[in-house]
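Subject: Structure handover

Hello,

Here is the structure I promised to pass on. Have a look at it first, and then read on for what turned up.

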Amino acid sequence: MSVLADTHPTLLDLAKRLDPDGKIAGIVELLNQTNEMLEDVVWVEGNLPTGHRTTVRTGIPAPTWRKMYGGVQPTKSKTAQITDNTGMLEAYGEVDKALADLNGNTAAFRLSEDSPHIEGISEEIQNTLIYGNEGSTPEAFTGFAPRFNSTTALNGNNIIKGDGAGADNGSIWLIGWGPNTVHGIIPKGSTAGLQMEDKGQVTIENVDGLGGRMEAYRTHYRFDAGLTVRDWRYVVRICNIDKSNLVKDAATGTDLCDLMFQATERIKSLNGVRAAWYMSRDMATKVRQQATYATKASSLTIEQVGGVKITSFAGIPIRRVDKMGADEALVV
């Protein structure tokens, strides 16, 4: 019975969602996270049924200083092809028809079940965008962290290390989104974003483990997604930030503002891209504290964009990603 209660809403769940007047109560989603990176991702349809193949120039031809009557050898550039895969993230929501129909609140009750499913999918997509690794989870896609995880790699110049030495580190990312720089991908011919389909009334077989059946309402959720870093120069990772050692005046621990200034010089360009900083809630707090403490005329600004307050550093908006609150291993 406990397994069933974990996968299907019960009468107890219904009772907890009813207002005193018998209507479906508005639920305070305490478990919901803020993952603002999802609002910035540029999505591009892949050129493969299950992903996207990018041709990257890896070498440019070298010219020759020619002398009189001297020859010049023909040269050519070098390219390489990189294939990024997409993953299919899916979920089903099922509720007992009799339960959902109680008090005539069928649509409202089903909507109250849709919201947490959608939140769960968005959190998983966000987590995969940062930490996804096809090496350990081949069904998913590879995110930023495994791609920017070695200072000796080709893209190592865009990895700036803090002072962390343990395994409780955090990162700050500067990303310039664009169709020719960094973007999300969807399979060729598919639909971007969350797909939600109402399957209507269905009969669930063996619902109790004893061969019993149940009439239920079923909803199917699906999100096909992947990530392509066409040009790694548009991604900068500030890693090895010892979170436990951060202080508001940067007297000890990592000087976040100094590293963020360095990052703005490492990124290829801020022109023609949708650029933003990404960090956890606690990291964003420390950035604001350090910037405010350092100088009254700091590079930290707060402005209204579409009625929403946006905090920016060096003119680049700071976006909060709660999924980045996890402890990270040391990058070497």
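Strands here are DSSP runs of E with at least two residues, helices are runs of H or I with at least four, and both are numbered from the N terminus. Please keep in mind that this is a predicted model: local features need pLDDT of at least 70, side-chain atom pairs count only at pLDDT 80 or more, and totals for chains, interfaces and linings use all residues. Residues are numbered from 1 along each chain as its sequence is written, and side-chain values use heavy atoms, with hydrogens and water left out.

First, the overall picture. The protein has 7 helices and 13 strands. Of its 332 residues, 41% are buried (under 20% relative accessible area; exposed is over 50%, partly exposed in between, with a 1.4 Å probe and protein chains only). Taking contacts (heavy atoms within 4.5 Å) with a separation of 6 or more, 77% are between residues 24 or more positions apart.

Now to the largest pocket, which has a volume of about 490 Å³. A pocket is an open set of points on a 1 Å grid over the protein atoms alone, where a 1.4 Å probe fits, with protein on both sides within 12 Å along at least five of seven lines; lining residues have an atom within 4 Å of a point. The volume is the space filled by probe spheres set on the points, which are joined across faces, edges and corners. There are 17 lining residues, and Val56, Leu154, Arg230, Asp231 and Trp232 are the closest to the centre. Strand β2 gives the largest share of the lining, 5 residues; β2 (51–59) and β3 (78–96) each supply at least two.

The whole structure holds 7 aromatic pairs (rings of Phe, Tyr and Trp, the last by its six-membered ring, with centres within 6.5 Å; stacked under 30 degrees between planes, edge-to-face over 60, tilted for the rest). Phe144 is buried at 0% relative accessibility, and Trp177 is buried at 1%. Phe261 and Phe313 form a tilted pair, 5.0 Å centre to centre with 50 degrees between the planes. Here helix α6 (residues 256–266) contributes Phe261 and strand β12 (residues 308–313) contributes Phe313, 52 residues apart. Phe261 is partly exposed at 40%, whereas Phe313 is buried at 0%. Ring pairs also join Phe144, Phe148, Trp173, Trp177 and Tyr278 into a cluster.

Asp40 sits in the loop between α2 (11–16) and β1 (43–45) and is buried, with a relative accessible area of 8%. Beyond neighbours within four places in sequence, Asp40 contacts Trp177, Arg274, Ala276, Tyr278 and Arg319.

Finally, do look at His220 in strand β8 (residues 214–229). His220 is buried, at 11% relative accessible area. Its side chain makes a polar contact of 2.6 Å with the side chain of Glu90 (a pair of N or O atoms within 3.5 Å, where, within protein, one must be able to donate a hydrogen and the other to accept it, and residues adjacent in sequence count only if both atoms are side-chain atoms).

Best wishes
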